[in-house]
Amino acid sequence: MRAANLSFFAISAAALVLPLAVTNPYYLHTAIAMMVNAVLALSLNFILGYVGEKSLGHAAFFGIGGYTAALLALNLGVPAWGTLLAGGVVSGLFGLAVGFPTLRLRGPYFAIATLGFGAILQLIATNWTSLTKGPMGIPGVPPLAFAGLIFRNERPYYYVALLLLALAAYLTWRLAHSRIGRAFVAIRQNFDLAESVGIDTFRFKLAAFVLGTVLAGVVGAFYAHYTNFISPKALESYITLNVVTMVIIGGEGTLIGPILGAILVTLLPEVLRVAENFRLVIFGFILLLTIIYAPSGIVGLARAAWQKRGGERLA
Amino acid sequence: MFWLLAQQTLNGLVMGLVYALLALGLTISFGIGRVINFAHGELYMLGAFFTYLAAGRMGYLGGIAAALVLMAGAGLLLDRLVLRPLRGGRASLWAPFLATLAVSLIVQNAALAVFGPDPYLLSSPYAYQPLMLAGLMLTKQDLLIALVAGLTTFLLTAFIKRGKYGLAMRAVARDRQTAALMGINIDRVYILTFVLSAMLAGLAGALVAPKATVDPFIGRMALLKGLSVVILGGLGNIPGAIFGGLVLGVAEALGAGFVSAAYKDAVGYALMILVLLFRPEGLLGQRMRRA
Amino acid sequence: MPEQILQVSDLTIRFGGLVAVDGVSFSVPQGGITGLIGPNGAGKTTIFNAVTGFLAPTGGRILFAGQDVTRRKPHELAALGLARTFQHTSLFPDLTVRQNVWTAMHLALPETFWQVLATPPRRHPDGEQRVQEILDLLELAERADQAASSLPYGEQRKLEIALALAVKPRLLLLDEPAAGMNPEEAQRLTETIQQLRRLGLTILLVEHNMRLVMGVCDYIHVIEHGRKIAEGAPSQVAHDPKVIEVYLGRRGTNA
């Protein structure tokens, strides 16, 4: 336990001072992308990892957050931060609308509905040109600002991203060790039994999903401000696949897994730059091999290795 | 107005038969193989590319034949290498589904690396040959699609309803443990299911390709269309897949003709969502209880 | 006359054209153990699933503690004090024994979303004590930190009862608790059930292990082909010619 606390503080401290030591904007950008991915992965983890319902339209909620922020900031002059909140709320409302009818059903209906929802949103974002400016996207999303200071380089965004990640991790950690998190896991492990011990499975599934969509909306809004841009590309299905990959290769239903997954998925393309064309193919193979041979992801492998070591020590 | 309606309905029925082919493959892999095959669209895309590659030497029809053989191989590989290791044991019910997600990622991007993002034209000798039919226009390709898709649908339905292996497939769909006790070789039924499923998807791709273009991304849309149809007709429901395909085809054609071509695809999703909301068991399915 | 905790009247369940349960009525008095017996496929488990909300009845009415609960969802019934076990072993397989019971204490430990997020983590001494009591009662305390899936079969079935007890039931429904048990395990189960009775629990038992039923039940309802054919004290039922014919008779030829 001690060692865990110590390493937690060490990592936090390192994360806090990193932007002071690293000035190369490219590295900072990569770090921001990594954290945005980690927040997204943690937001999907509630429903995909803990509850075990397959949500396949996560990019849509990221995109809704981004579009909400862009449109509010540019058309109504809503100040930044307010747009982050609004991105979360609007995304959450869409989550509610998608989840309410489909999470009642058992079977793959929710997975298919979320997939279809993602496709519909992409169509709308591409074709409703009077609102979304179509496939070219919306440029000029204003940067974030704090106390009159406009964020002009990566460093302040780094800290906002870190804050969002801390928030997502805190949510995950507290929920996982509460009655609510136990209810989530109960639903994944044994649906009928969960109902019979008094868990309102529908309500908890919906709560996990909506919570995740709110978080995805907030981080989507943040990303639109950070890049000053949003386009239908933010809604593409490969982004959803990326996030699903992060959660699964890291270890679904854990706190650390999705974060590890996000780091890996963000860094792998950089490492695989040589094999640019086959990058996503390699991704796919990693995902496939994980599903077949290590269904609990990196965290599961680490746990098994740890237990094995412990066992040998005892023997 | 009437002619537009009739013409669009006819166009819709032709596309609807293709959707039915796509959905039949998906619905048997769900109903019998217990997998929502997320890579089904990629099988469709492969079917189109294989036909394109083979057609250069063998002509369009020869190309389709060659592609079907290759698709049978693809279905076999999918079942043996990806799905079989995930059957039984304590693997979650969802693992095969996620695995097909990975397969989709692999196949789509491998195709992208090999063929590049630009569209290919698969030419068919029938593509631009119009036929007039009681005042309505149809290309010979449309006629070919209607004939081949209609015949395949008919044969498949008959095969599953009456054939010896069809009976085994239905038994496995109902209850795989009992089927195993009855002496049915379940493993073989799975192979047959995914081979058939892949061939159906590939055939759909090969038939549609001359009406459009072929690129590594056409599978995504095909998957969504297939899933919409499967939802419309009811998951795992074979007559439902055919009926749903025709409904979707006609609805889209009418939507494109009377509303807006840009939202043609949205018609299908909107239909799917309406069905999910009000009749999740599908238009032809038995009423189910909401838990 | 003791108060009736459960009253089922004219319960009918159809699957398509098939009538699985046909106008069955019975009631369960407060306290004691009531049995619902009948040969395989008689419709016992179907009745059981309707009573616990897992299946919507086609017709009829179910009253629990005087309230109409027909078509309520399982979790709503649990909140009213109706707990059940399942015919096939049903646990949270990857959780430890203790975590299993903790999870089943869901209703006893209300914690809202905001409480979880906005207040510091806290312990629940009452809950911890209750979990320990349940584990002790079912002799599972030594296994507390093992994964549920790693328990031997007999103990898995005990853990199921532990989970049902965590719901604080006013009525406990046991669905074929002895299914798949060897005589020795079934004997130990009988003792456990007797012990639960001594604690004042009301139990409705679905079972076709006759020795178990005859040994523990105060009153028995016999179901055959979806209809009730007899009821009474065990000794009465055992001598009912109809019961002997359809149930005990068949059992006799099997033995």
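Does C:Thr52 count as buried or exposed? In this predicted model, local features need pLDDT of at least 70 and side-chain atom pairs count only at pLDDT 80 or more, whereas totals for chains, interfaces and linings use all residues. Residues are numbered from 1 along each chain as its sequence is written, chains are lettered from A in the order in which they are written, and side-chain values use heavy atoms, with hydrogens and water left out.

C:Thr52 counts as buried because its relative accessibility is 3% (buried: under 20% relative accessible area, 1.4 Å probe, protein chains only). The residue lies in the loop between helix H1 (44-51) and strand S4 (59-64) of chain C (DSSP runs of H or I, at least four residues, and of E, at least two, numbered from the N terminus). Its side chain reaches the backbone oxygen of C:Asn49 at 3.4 Å. Leaving aside residues up to four places away in sequence, C:Thr52 touches C:Pro74, C:Leu77, C:Leu82, C:Arg84 and C:Leu173 (contact: heavy atoms within 4.5 Å).

Within chain A, helices H11 (residues 237-250) and H12 (residues 256-271) pack at about 125°, their axes 7 Å apart (lines fitted to C-alpha atoms over the stretch in contact; angles from 0 to 180 degrees between N-to-C directions). Residues making the contact include A:Met246 and A:Ile249 of H11(A) and A:Pro258 and A:Leu264 of H12(A).

Methods: Buried means under 20% relative accessible area, exposed over 50%, partly exposed in between (1.4 Å probe, protein chains only). A polar contact is a pair of N or O atoms within 3.5 Å; within protein, one must be able to donate a hydrogen and the other to accept it, and residues adjacent in sequence count only if both atoms are side-chain atoms.
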